[in-house]
Amino acid sequence: MVKSSMKSQSKNFHQGKLLIYAIGNEGRQDDGLAHEFVKKIPSSEHYDIHQNYQLNVEDAELISQYRQVLFVDAAKNQDEPYRILHPQAKPETGFTTHGLSIEGIMAMTQNLFGELPEISLLAIQGQEFNLTMGLTNKAQVNLSQALEWFEQNF
Amino acid sequence: MTKKIVIEPVTRVEGHGKVTIHLNDQNQVEESRLHIVEFRGFEKFIQGRPYWEAPVVVQRLCGICPVSHHLAAAKAIDNIVGVDADGLTPVGEKMRRLMHYGQVFQSHALHFFYLAAPDLLFGVDADPAKRNVIGVIQEHKDLAIKGISLRKFGQEIIKATAGKKVHGISAVPGGIHKNLSKKEAKTFLEGTQGNIPGGNNGIPSVDQCIDWTEEVIDFLKDYHSKNKSFIDGFSDFDSNHLSLVGPDGAMDLYHGRLRAVDSQGNIILKDREYHDYLEFLSEDVKEWTYLKFPYLTKMGSEQGWSRVGPLARLNVCEGIPTPKAQARLDEYRSFTGQRVNNQSLYYHWARLIEMLHCAELMKELLQDPDLQKTDLITKGKRRNEGIGVIEAPRGTLFHHYEVSDKDDITRCNLIVSTTHNNEAMNRAVNIVAQRVLTGQQEVKESMLNEIEVAIRAYDPCLSCATHAVGQMPLQVSLMDSNGKIIHEITK
């Protein structure tokens, strides 16, 4: 479970802020879970929010600026409504640079900048991923539970 | 008994493509094709929508080069509200130009550093586990960091001008939604502190962008010198070349007239107004791909197709109206000894010269007080038809809309840049396949990568011609004429 730890005073690291990075496509139903999540959390001086369809190489530079990063993404095949995962850096690339994994980005960050923040992934279970806007009812329930977890921990 | 080799998906290009190669019993290449496997249909989807939505909606064609579609659509919709390209206010046109140059700059940076560099640095036959952007990061850290910085600069320019890095919103009918503040301009002129050389949140200065781009051009020039016979002989074939040109035939990526030259540099289409494109441009269709084949009507589909994009633009233009890029153009033409270059792998060098040109243009605009003006939008007499053409990173892009009196779009025709290069990419694939596969008893991964290198040089945006749905594993299959798999490689 990720705990809020905003104690870093390093002037090189956004004054100890957390980066919350939402990944997904709102045009594909529950793939927009992460974006709905960041819309619903309160604004705060303790964290920055970044949103994108998918991870790109330059995100290695972005996350290198923070001490803690919480990625938020929709999950497809888990039993729990949400899970907190702790990915490990792993050099890997698929057939396209526009579908990089968190593990791959972490490895790039380590290689390029030395520093690697504490990385967590909030995976919220989605139900349907078709070409349409709006979350399914089940995804909304899972989102609510994930938001409760966030409220208790940040 | 024929054999078929399939490469699907093609790697290190934007979007999803497939290559099929047919070998006869003597292992000679009989035929090879680049297939665009996804149905697009955007021209139909957009019908019925209000015309003012087009510059925003049409960007969903692509998450890679959305700005090009945003601006081409905006230029077309300007016509609908009664405004021609030279009728925008200075701040309106210059903000759009800045946005466009930022887009071309970052797109070219992405292509060179992430997609093309692995082949150039490690060799086309290097271990595929290393021959990718991870390998570049691990063994050429300084180059990788510069690549990330350069792309970031372009993306931040897009954000400052379009409102968002992807699927921006600021080009509106008749102008622009916002100007550029002095503070924003200063950020890009001076750069900011950061983790990477020159930055706090990591934006290099525009002068740094110019310097680093020149360094990369020097690197590539050196690479060309050391590998000239390989590069020159890789995929050389005659073609026409098409692009917009500005006054006096100078390079102009944002607006101009259409010019085409043949493989020897003779002008075959002279500075035509692009609103008249239907008078001289046609599109052919084939049963094995959803991508169309544009061609100059008077020459027919077999002879009238043209290459577009960086190589074509350097071939077509008389010169480049920024001094450093012009000097590099002179150097490039002197190196090749030719006024017109028909060799596919020179796209990479041409692309970097355009990057430099864009960096110089961005520097000029960032110092221009017109960008702080507030007369953002203009209007004229309503029309029912609009056409916008722009030189996107990958080539000449056409957006054409017809609108009813009730403001809904009734017809749309898009000729996306990569479509022009369809024939050229197929020819490049065929030439390379003939060279590397004919007579070979064994199909190696490096041979297939050479075929991909041929496609990759064109920096195709297959995303603009596709709607990708789900994951596509890379599988290379060798099949007999009955479809039985003889040999298979899976990534």
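Figure 1. Buried means under 20% relative accessible area. By that cut-off, 53% of the 154 residues of chain A count as buried. This is a predicted model. Chain A has four helices and five strands. Read from the N terminus, its elements follow the order β-α-β-α-β-β-α-β-α. Take the contacts in chain A between residues at least 6 apart in sequence: 77% of them join residues at least 24 apart. The accessible surface of chain A is about 7,400 Å². Carbon and sulfur atoms hold 43% of that surface.

**Figure 2. Burial and secondary structure of chain B.** Chain B has 491 residues, and 63% of them count as buried. Its secondary structure comprises 16 helices and 16 strands. Among contacts in chain B with a separation of 6 or more, 69% link residues 24 or more positions apart. Chain B exposes about 17,700 Å². Of this area, 48% comes from carbon and sulfur atoms.

**Figure 3. The largest nonpolar core.** In soluble globular proteins, nonpolar side chains tend to be buried together. Here the largest nonpolar core holds 154 residues. Which members touch the most others? They are Phe71(A), Tyr401(B), Leu437(B) and Ile451(B). Helix α4 of chain B, residues 90–122, gives this core its largest share, 16 residues. A second core is separate and has 22 residues. Among them are Leu18(A), Ala22(A), Leu122(A) and Leu143(A).

**Figure 4. Surroundings of Ile451(B).** Neighbours within four places in sequence are left aside here. Leu437(B) and Ile451(B) are both among the core members that touch the most others.

**Figure 5. Asp248(B), a positive phi in a loop.** Most residues other than glycine have a negative phi. Asp248(B) is not a glycine, yet its phi is positive, about 60 degrees. Asp248(B) lies in the loop between β6 (240–245) and β7 (257–261) of chain B. Is Asp248(B) buried or exposed? Its relative accessible area is 76%, so Asp248(B) is exposed, the cut-off being over 50%.

**Figure 6. Asp459(B), a positive phi at a buried site.** Asp459(B) is not a glycine either, and its phi is about 45 degrees. The loop that holds Asp459(B) runs between α16 (445–456) and β15 (475–480) of chain B. Asp459(B) has a relative accessibility of 2%, so it counts as buried.

Notes
Residues numbered from 1 in each chain as written. Chains lettered and ligands numbered in written order. Predicted model: local features only at pLDDT ≥ 70, side-chain atom pairs only at ≥ 80, totals over all residues. Heavy atoms only, no water. Core = buried A, V, L, I, M, F, W, Y, C linked by side-chain atoms within 4.5 Å. Buried < 20%, exposed > 50% of the residue type's maximum accessible area, 1.4 Å probe, protein only. Helix = DSSP H or I, 4+ residues; strand = E, 2+ residues; numbered from the N terminus. Contact = heavy atoms within 4.5 Å. Areas by Shrake-Rupley, 256 points an atom, 1.4 Å probe, with all protein chains shown as cover.
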